[in-house]
Amino acid sequence: MVLHTVNKAAPHQALQLCLRFAREEDIIALLEDGVCNGVSGSAAWCSLQASACKHIVALDHDLRVRGLEGRHSSQLKLIDYPALVALCCECDKVQSWF
């Protein structure tokens with residue numbers, strides 16, 4: 001299982017590159033500006049939903065800092081920093097897309 005971290009918002013190519021390689025059992029973590037990809041109804045969120053990967057999380061702190069609280073998809077799981085560290089330890093590899 002791979003943890004894919006995305007820290008750039010669309011239209012940056014980071015998300016599209018990530019989606020090419022993410023498998024169903026992998027996890028995609030949206031960090032920093034990457035949390036913008038989790039906004040409900042956005043083209044980026046639609047791409048994430050259509051991807052093979054079904055485990056998508058975002059840092060709650062980064063959403064709040066960018067004023068996106070309540071605008072994210074209800075299907076997006078929000079996590080804190082300790083949970084992100086735990087994911088890094090649980091996964092076989094961490095692949096950063098930036």
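**Salt bridges and a helix face**

Author: Start with a pair: Arg66 and Asp62 join side chains in a salt bridge, 3.9 Å from N to O. A salt bridge is a side-chain nitrogen of Lys or Arg within 4 Å of a carboxyl oxygen of Asp or Glu. This is a predicted model: local features need pLDDT of at least 70, side-chain atom pairs pLDDT 80 or more, while totals for chains, interfaces and linings use all residues. Numbering runs from 1 along each chain as its sequence is written, and side-chain values use heavy atoms, without hydrogens and water.

Reader: With which other residue does Arg66 form a salt bridge?

Author: With Asp33; the closest N and O atoms are 2.7 Å apart. This pair links distant parts of the chain, 33 residues apart. Asp33 is partly exposed, at 39%.

Reader: How many salt bridges does the structure hold?

Author: Five. One of them pairs Arg23 with Asp26, at 3.4 Å from N to O. Arg23 is partly exposed at 40%; Asp26 is buried at 1%.

Reader: Which residues of helix 1 are buried?

Author: Helices are DSSP runs (H or I, at least four residues), numbered from the N terminus. In helix 1, residues 14-21, the buried ones are Ala14, Leu15, Cys18 and Leu19. They fall within an arc of 130° seen down the axis, so they line one face. The arc is taken from directions between the helix axis and the C-beta atoms. Arg20 and Phe21 are exposed on the face turned away.

Methods
Buried means under 20% relative accessible area, exposed over 50%, partly exposed in between (1.4 Å probe, protein chains only). Helices (H or I, at least four residues) and strands (E, at least two) are DSSP runs, numbered from the N terminus.
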